[in-house]
Amino acid sequence: FFCEGVWPESKSFSDEGYGLIPSRWRGSCSRDVGGVVCNRKLIGAKFFNKGYSAFIGDALNDTFKTVRDHQGHGSHTLSTAGGNFVPGASIFGHANGTAKGGSPRARVAAYKVCWPPLVGGNECFDADIIAAFDAAISDGVDVLSVSLGGNPSEFFEDGISIGAFHAVKKGISVVSSAGNSGPDPGTVSNVSPWMFTVGASTLDREFVSYVQLGNNKQLKGASLSSVAMSSRTFYPLISGDKAKAADALAEDAILCQPETIDPKKAKGKILVCVRGISGRTDKGKQALLAGAVGMILVNDRKSGNEVIADPHLLPATHINFTDGNTLFAYINFTRNPTAYITPVETKFGLKPAPVMAAFSSRGPSLIEPSILKPDITAPGVSVLAAFTELVGPTEDESDKRRTPFCLQSGTSMSCPHVSGIVGLLKSLHPDWSPAAIRSAIMTTARIRDDTGNPMLDSSNKRATPFAYGSGHVRPNRAMDPGLVYDITVNDYFNFLCARGYNQSLISLFSDKPYACPKSYGVMDLNYPSISVSQLNGSMTVSRTVKNVGSASSTYKARVRSPAGVTVSVKPSTLKFEKIGEEKKFEVKFELNKSNAKSEDYVFGELLWSDGNHYVRSPIVVKYK
């Protein structure tokens with residue numbers, strides 16, 4: 001597991017009830033100045049800092065010679081993937097229950113590759129990442145969960161991509177985060193076809209804190225503030241721009257940027273801040289420093305309806321864009337606007353859910369649009385998991401609170417959910433390749449929410465495969481997918497050849513020369529999704545499915561064609577007579593110009609079913 005370290009004392013990493021470490025494990029714990037000690041659950045812990053050190057050009061002090069988690073991110077993600085059962089987990093009395101990882105009885109190892117940000121924000125260097133991949137492969141891991149990434153880059157220029165390829169060659173599944181740069185299109189990272197790329201969506205649990213306005217209107221917000229307003233008293237409301245310091249710009253003050261709020265104007269009031277630029281909890285900190293009694297965080301247009309429960313240092317809540325407009329109208333057209341923020345409540349059964357997180361990076365892949373990314377979405381908003389006890393839940397030095405569990409949001413949180421599921425599937429199907437496991441999860445995913453309607457984006461519009469890939473993960477269905485789209489290492493080499501890689505570039509991925517086939521296109525990769533980025537007239541792509549369901553079964557194809565495109569499948573019936581049997585089929589795309597809508601992408605799906613299994617592939621088409 002690649003991360004910023006681990007808090008080994010967390011109950012999530014307790015080895016109670018564990019037997020001897022399997023003899024095939026070759027890993028170990030680094031000599032560690034931070035006192036990180038392994039056990040029969042946490043069986044590996046290593047740090048990698050030579051790339052970081054070389055960039056600094058100076059010797060590193062002892063804080064860089066430990067796997068200990070100084071931020072919380074590493075412990076949170078590692079416990080989400082493979083944390084043990086911990087009854088009575090909660091944060092500030094909320095989200096009570098038993099914490100467990102996706103593979104709760106798995107053994108885990110932490111490989112620390114990320115360090116405090118330098119100028120430009122580079123925390124994780126390729127040299128350290130590739131060294132960690134080498135170590136993890138040598139140690140004998142089964143699944144690598146990689147909750148990190150940067151801007152999308154060409155495969156041979158991306159350390160994660162190169163390291164992941166070498167892992168997949170050894171049969172190790174590599175699961176990665178899609179990134180947190182959404183909702184803009186083309187922001188998805190970790191786009192290599194040998195990696196399993198995960199977006200983030202919401203749960204049906206929420207942490208509610210209302211804004212009660214002086215005009216009796218109530219606005220629903222999200223919060224995890226550890227303190228509540230002392231009494232049901234209404235306090236004066238002021239927006240950041242109205243409370244700005246004399247030398248501050250209004251556009252900075254409305255965002256409650258550091259040193260932009262005048263304490264004389266904000267003291268004793270509830271400060272209203274707009275989301276953006278600085279961190280959400282930092283805005284609360286600025287409100288507290290200015291003497292405000294509370295803070296209301298308002299979404300900008302881009303963030304839409306996505307509200308996040310954060311562990312604010314003062315009474316605070318986060319409201320959506322539409323309610324923000326209502327709030328600003330009340331402030332601007334009322335002589336003495338007042339409000340009260342209600343205490344936090346945990347509620348379940350939220351509808352609709354899941355909804356795509358606004359921050360989750362979106363496709364299409366700017367590197368290779370013929371591969372649909374992300375592949376899948378999983379819970380990544382307000383996830384409770386283990387945390388470091390070196391910092392408070394806001395990760396700010398001024399935060400003196402300590403909590404063994406914390407809520408965090410990001411594709412870093414959704415990625416280990418899928419890593420845990422991959423671990424379970426590897427136990428159930430030890431002979432399946434990383435591609436087969438990914439296919440099982442992708443083709444059984446769901447694209448509808450708990451109301452039975454198509455999943456939504458945070459803007460309340462219908463989400464697309466560029467947000468959720470194949471859909472929202474359904475672990476139980478993935479155990480028995482019926483058919484899988486398998487991919488061999490040579491298929492990946494052929495894919496690189498089709499992208500024009502010469503022997504010099506291929507040598508980054510292979511320890512020996514590879515003879516490229518005479519004819520192979522990027523569309524020929526046997527991917528579980530189908531993306532046609534330049535349809536002009538007609539095009540045919542082929543796929544091969546392997547039977548892993550019933551020995552004797554007949555599958556029939558159903559197609560929902562994208563707007564303006566006619567899609568046909570040949571043959572439209574596949575008859576299998578044994579497990580492991582493979583069948584090839586072709587999918588023909590024809591542009592129907594009379595129905596063609598625009599130059600934008602259009603979406604459809606291909607579904608194979610034998611009446612018991614439903615093997616679904618998203619289809620994405622862009623007209624040329």
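Colleague: Is Cys-256 buried or exposed?

Modeller: This is a predicted model, in which local features need pLDDT of at least 70 and side-chain atom pairs count only at pLDDT 80 or more, while totals for chains, interfaces and linings use all residues. Residues are numbered from 1 along each chain as its sequence is written, and side-chain values use heavy atoms, with hydrogens and water left out.

Cys-256 is buried, at 0% relative accessibility; buried means under 20% relative accessible area, exposed over 50%, and partly exposed in between (1.4 Å probe, protein chains only). Its disulfide partner is Cys-273, with an S to S distance of 2.0 Å; a disulfide is a pair of cysteine sulfur atoms within 2.5 Å. Cys-256 sits in the loop between α5 (250-253) and α6 (263-266) and Cys-273 in strand β12 (residues 270-274), so the bond ties together parts 17 residues apart in sequence. Helices (H or I, at least four residues) and strands (E, at least two) are DSSP runs, numbered from the N terminus. The link of Cys-256 and Cys-273 is left-handed, with -85° about the S-S bond, and Cys-273 is also buried, at 0%.

The structure holds four disulfides. Another joins Cys-497 to Cys-516, with the sulfur atoms 2.0 Å apart. Here Cys-497 belongs to helix α13 (residues 489-498) and Cys-516 to the loop between α14 (503-506) and β21 (530-535), so parts 19 residues apart in sequence are tied together. Cys-497 is buried at 13%, whereas Cys-516 is partly exposed at 36%.
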